[in-house]
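Open the model in your viewer and keep the selection panel at hand. The stops below say what to select next and what is there.

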Amino acid sequence: IRCWSNIPFITVPLSRAHGKSFAHRSELKHAKRIVVKLGSAVVTRGDECGLALGRLASIVEQVSMLQNQGREMMIVTSGAVAFGKQRLRHEILLSQSVRQALHSGQSQLKDMAIPVLEARACAAAGQSGLMALYEAMFTQYSICAAQILVTNLDFHDEQKRRNLNGTLHELLRMNIVPIINTNDAVVPPPEPNSDLQGVNVISVKDNDSLAARLAVEMKTDLLIVLSDVEGLFDSPPGSDDAKLIDIFYPGDQQSVTFGTKSRVGMGGMEAKVKAALWALQGGTSVVIANGTHPKISGHVITDIVEGKKVGTFFSEVKPAGPTVEQQAEMARAGGRTLAALQPEQRAEIIYRLADLLTDQREEILLANKKDLEEAENKGRLALPLLKRLSLSTSKLNSLAIGLRQIAASSQDSVGRVIRRTRIAKDLDLEQVTVPIGVLLVIFESRPDCLPQVSALAIASGNGLLLKGGKEAAHSNQILHHLTQEALSIHGVRDAVQLVNTREEVEDLCRLDKLIDLIIPRGSSQLVRNIQRAAKGIPVMGHSEGICHVYVDTDASVEKVTRIIRDSKCEYPAACNALETLLIHRDLLRTPLFDQIIDMLRVEQVKIHAGPKFASYLTFSPSEVKSLRIEYGDLECCIEVVDSVQEAVEHIHKYGSSHTDVIITENEKTAEFFLQHVDSACVFWNASTRFSDGYRFGLGAEVGISTSRIHARGPVGIEGLLTTKWLLRGDNHVVSDFSEHGSMKYLHESLPLPQRNAN
């Protein structure tokens, strides 16, 4: 364990044979030796006179953190010229003001012209100050830094190259961060068109080429080039059609349009790409990213090392299939074609998928068996997750029945008129249902989720991106293949895409221009992580399923144990399983209470006592650490309340607005509970497990939403639709409706068209 800023960091086990660059971003976390190149635009202020101190301090902080993880960090920095320019301007202004005051004797000074400052002089004046600043900053993290100034000649002289190499290795061995810069005080002007000279030589004409040369010489794992643009674009940054290139491959230069170089510095983006490709050819991975953006500069370096989608990653390995961005675009195009089909055609696709689930049963179960065997051999999945992973003949039959329900109910889902208004004579307004767009559904350990969600997306005309857990890879693969086979009957195969690349969930959540809605299906931790990571994309779902059953004084003895047993024991891993049992105080030490406890013991349910319940017992079960726990297993909490009002208050305080139940024969008490509990699903004398799209008659669900906007409870086809307004007029203009205009608003409600009777 090393320490950085009084915070202990576990040293990362890092080892890799150099010679081949990383193929995927996810491998960057294994980088041991890293060069960070800081462009002039990153280090200098907007006025080009002086350094961006806050930005520089943030970079030093990130480099220090990585250094203290056991990595070997090197910095190639610009900024000496800008720092020197600031110092020399100050000196010139000071000397001019003194001379003028002595010469004129006047207290007011005239405007003074500052001569153009020569870059080499600025570099000479700024190098010592720049290094002193780096030393002061790194000292805050108990890290030593050392300066090395080089020129192109130092790489052409074999003895100087060996000396430089030996110096750098010795500094790294002593846990010192080398800070390298071209010696701009003596360096000659760069020769034109001398960036690349053969395979093994790169001319050091700027800090981009210097960083690439050093990275290869030092057998560096990763070169991070920070500039004032996000990375490479397929057209000039800032243009309407410009798209950031996530991964750049050698030979892709034709797909890039280079703009002008940055406001300061010697190298433009074309020079950066040439240097990056040269380093990549030498076995060093490269990422070009923005080091000036205020929202990301504070963690851009660490994000890159963690494998997050930042900037442009240079890779020699092209993936076999499309990128996730391309998949999202294919899903959108396919979804629009799907929405344009006739309702009968969409239903036909879903009926075909239902048939395939039963016809291809053996192949599906064989793939699922592979997933189960791999999961059991690795021992990573808990028993509840293994149960979710498992498919069976009965599950597939139930899936097929649910899909047929969706097909039957989807006939008038898209394009249904829900409101008609006559605005004025010959000016009619309609509000109609339309698909949301592209859905991203992220699910864990539940391969049965894939055909369910696919069917709902097809019925509602939405494009769909699916990201399943790797523990269900074989099952998901065959189920997706069958889904695309069904879609092919009407030529919309691309509308449903399965993401098989190594995309991190957090990176998917950033595709706000490609994805319209994220639906997580999995653990509460997964949902919380997605809700935090989603930037600009709404998330539909629930982070927890803390469901309550309240047993009232007027509860039926026959109903209580049946409902509680079903709610807790039928499928304890489900999000709609009972987690907290609320008992009216008057039922304590009664035969009914004893029956409840005996039943839970027979079912091997571990009981945790709430604070009030524990106070009534001499020898109580383990007291709960929190009343807001989703156990997801054969465990539950029992708490005591004094009234139905207190039960409602408890649910509002500790529940998750998912599903809550009252067991009572008193209709007045039941109605009070139903009207006052503010949850997505509120039941009377029924198991919590009924909170399900299939059981509600929706055919299936994409999830259960506890959100208060758009959709709540089990979300079926209706929850995947939004609306648009259609206005049909005849040469109408708003000015005709002014005070002295010729037309008047009518705003008459018109009858809706007859819905499909089937």
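Select His 542 and the residues around it: leaving out residues up to four places away in sequence, His 542 touches Val 527, Cys 575, His 658, Ile 704 and Thr 706, where contact means heavy atoms within 4.5 Å. His 542 is in the loop between helix 18 (524–533) and strand 17 (547–551). Helices (H or I, at least four residues) and strands (E, at least two) are DSSP runs, numbered from the N terminus. With 13% relative accessibility, His 542 counts as buried; buried means under 20% relative accessible area, exposed over 50%, and partly exposed in between (1.4 Å probe, protein chains only).

A note on the model before going on. It is predicted, so local features need pLDDT of at least 70 and side-chain atom pairs count only at pLDDT 80 or more, while totals for chains, interfaces and linings use all residues. Residues are numbered from 1 along each chain as its sequence is written, and side-chain values use heavy atoms, with hydrogens and water left out.

Now show the whole chain as a cartoon. The protein chain has 23 helices and 26 strands. Of its 758 residues, 52% count as buried. Taking contacts between residues at least 6 apart in sequence, 74% join residues at least 24 apart.

Next, select Ser 567 in helix 19 (residues 557–569). Is Ser 567 buried or exposed? Its relative accessible area is 0%, so Ser 567 is buried. Setting aside neighbours within four places in sequence, the contacts of Ser 567 are Val 549, Ala 577, Leu 578, Ser 687, Thr 688 and Arg 689.

Go to Gly 463, in strand 14 (residues 463–468). Gly 463 is also a buried residue, with a relative accessible area of 1%. Besides Val 438, Gly 463 touches Ala 331, Gly 335, Gly 437, Leu 439 and Ala 495, with residues up to four places away in sequence not counted.

Two helix pairs come next. Two packed helices are described by the angle between their axes and the distance between the axes.

Select residues 343–359 (helix 11) and 473–487 (helix 16): their axes come within 8 Å and cross at roughly 140°. Axes are lines fitted to C-alpha atoms, for helices over the stretch in contact, and angles run from 0 to 180 degrees between N-to-C directions. Helix 11 and helix 16 are therefore oblique to each other; angles under 35 degrees count as roughly parallel, over 145 as roughly antiparallel, 65 to 115 as roughly perpendicular and the rest as oblique. On the helix 11 side, the contact is made by Ile 349, Arg 352, Leu 353, Leu 356 and Leu 357, and on the helix 16 side by Leu 479, Leu 482, Thr 483, Glu 485, Ala 486 and Leu 487. By class, this contact of helix 11 with helix 16 has eight nonpolar, one polar and two charged residues. Ala, Val, Leu, Ile, Met, Phe, Trp, Tyr, Cys and Pro count as nonpolar, Asp, Glu, Lys and Arg as charged, and the others, Gly among them, as polar.

Then select helix 14 (residues 393–409) and helix 15 (residues 449–460), which pack at an angle of about 10° with their axes 10 Å apart. That makes helix 14 roughly parallel to helix 15. Leu 399, Leu 403 and Ile 406 of helix 14 meet Pro 451, Gln 452, Ala 455, Leu 456 and Ala 459 of helix 15. The residues of this contact of helix 14 with helix 15 are seven nonpolar, one polar and no charged.

Move to helix 7 (residues 207–217), where 10 of the 11 residues are buried, so the helix is largely enclosed by the rest of the structure. Just after helix 7, Lys 219 has a positive phi of about 50°.

Two loop residues can be checked for backbone angles. Asp 426, between strand 11 (417–424) and strand 12 (427–435), has a positive phi near 65°. Asp 426 is partly exposed, at 47% relative accessible area. Ser 657, in the loop between helix 22 (644–654) and strand 21 (659–663), has a positive phi of about 60°.
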